[in-house]
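User: I'm new to reading protein structures. Can you walk me through one, feature by feature?

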Amino acid sequence: MNLVLLQNWLDNASFAILFMTMLLYWTGAAFPRMSYLPALGTAGMAIANLCIATLLGARWLEAGYFPISNLYESLFFLTWGITAVHLIAENNTRSRLVGVVTTPVAMGISAFAALTLPNDMQSAAPLVPALKSNWLMMHVSVMMISYAALMVGSLLAIAFLVVTRGQKVALQGSSVGTGGYRNNGYVLHKAGEVTPTEINLDNSVAAFQSNGSSTAVIEAVKTIPTPNPTHSEPLSPQRLSLADTLDNISYRVIGLGFPLLTIGIIAGAVWANEAWGSYWSWDPKETWALITWLVFAAYLHARITRGWQGRRPAILAATGFVVVWVCYLGVNLLGKGLHSYGWFF
């Protein structure tokens, strides 16, 4: 079997499948009644994951080492990690919202690797002496999976900001600590219960009535507009429920990625001591890995010990998305150091 030809076919097939999967998720989100579309999207994500795994396996057989030593290989390994984290998050939460934001990024990464990189950066080459170590798999693979998890969690946080229009929203149930309680102007009452007609919260009025049946009726009624021109329209219960789901999934996925990032940095320090005689040399990659760790440590600290919910941690996670990309790709392509690929400089 021609492994090189198989790899060329698989990388293009992965891009095409991810592109179709993105369209399925987006169409399913736009037309919720077409419930079979997100299921097809999940199937497409699983097929893309298997295609990339097969590509990496063929690369491993061809080169004789774990395929994560150059930019082409690491980009596809990152895409595989994003699709794997996507499937785990989607399965655990039973929410198809994850694919709406993860598939465009996975598709873009695969397109960049397959269609943009020069041929010499796509070809397998013998390892340099420093990379001929078991730490190549232990350090780099853990770091790449942590990047994938942190990217997915950050993307969901960005989606949360879009859904809530940047408003301050108190949510419930996703953080350990204080302050995580929803206050949105809607209160649940038992069916058939006669309740006060109005509850005024944040310039919104929720009217609760009984219709004599087994279902309570909740109506949101607006009060007289305030003279404050910056006042935003209250979010609907559907948007609040969606925001709550996005916030919860984002928190859980980032909570998965952060320990992996910590383990990867420690493994990298041990490997650096073996290869270069120093645990930490303030190489640009090491510096930005530390910055990434600090950003997401601050995110988890704020949520766990301070009880932050909603907009503030989402903004912090969105910042982390940019920092992860600078750490992973920006330093490698633009910087000069021990981890640089040296494409531009």
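Analyst: Happy to. Let's begin with an idea we'll need: a nonpolar core is a set of buried Ala, Val, Leu, Ile, Met, Phe, Trp, Tyr and Cys residues joined through side-chain atoms within 4.5 Å. Keep in mind that this is a predicted model.

User: Okay, so which residues of the largest nonpolar core touch the most other members?

Analyst: That core has 75 residues, and the ones touching the most other members are Leu-71, Phe-76, Leu-78, Ile-82, Met-144, Tyr-147 and Tyr-328. The elements giving two or more residues to the core are α1 (3-30), α2 (36-63), α3 (71-93), α4 (97-116), α6 (135-163), α7 (237-276), α8 (284-304) and α9 (311-334). With 18 residues, α6 gives the most. As for the general idea, nonpolar side chains tend to be buried together in soluble globular proteins.

User: Let's zoom in on one member. What is Tyr-328 in contact with, beyond its neighbours within four places in sequence?

Analyst: Tyr-328 is in contact with Leu-71, Ser-74, Leu-75, Leu-78, Met-144, Tyr-147 and Lys-285. Look back at the core and you'll spot Leu-71, Leu-78, Met-144 and Tyr-147 among the residues that touch the most other members.

User: Stepping back, what does the whole chain come to in helices and strands?

Analyst: Nine helices and three strands. Going along the sequence, the pattern is α-α-α-α-α-α-β-β-β-α-α-α. Of the chain's 345 residues, 45% are buried. Another handy thing to read is how far apart in sequence the contacting residues are: among contacts between residues at least 6 apart, 73% join residues at least 24 apart.

User: Can you show me a residue with partners like that? Where is Leu-55 found, and what does it touch?

Analyst: Leu-55 is in helix α2. Setting aside residues up to four places away in sequence, Leu-55 touches Gln-7, Leu-10, Asp-11, Tyr-72 and Phe-76.

User: Why does Leu-55 count as buried?

Analyst: The cut-off for buried is under 20% relative accessible area. Leu-55 counts as buried because its relative accessibility is 1%.

User: And Thr-83: is it buried or exposed?

Analyst: Buried, because its relative accessibility is 0%. Thr-83 is part of helix α3, and it touches Leu-18, Met-45, Asn-49 and Ala-106, leaving out residues up to four places away in sequence.

User: What about a residue in a loop? Where is Thr-164?

Analyst: Thr-164 is in the loop between α6 and β1 (199-201). Thr-164 is buried, because its relative accessible area is 0%. Its side chain reaches the backbone oxygen of Leu-161 at 3.5 Å.

Terms used
Residues are numbered from 1 along each chain as its sequence is written. This is a predicted model: local features need pLDDT of at least 70, side-chain atom pairs count only at pLDDT 80 or more; totals for chains, interfaces and linings use all residues. Side-chain values use heavy atoms; hydrogens and water are left out. Buried means under 20% relative accessible area, exposed over 50%, partly exposed in between (1.4 Å probe, protein chains only). Helices (H or I, at least four residues) and strands (E, at least two) are DSSP runs, numbered from the N terminus. Contact means heavy atoms within 4.5 Å. A polar contact is a pair of N or O atoms within 3.5 Å; within protein, one must be able to donate a hydrogen and the other to accept it, and residues adjacent in sequence count only if both atoms are side-chain atoms.
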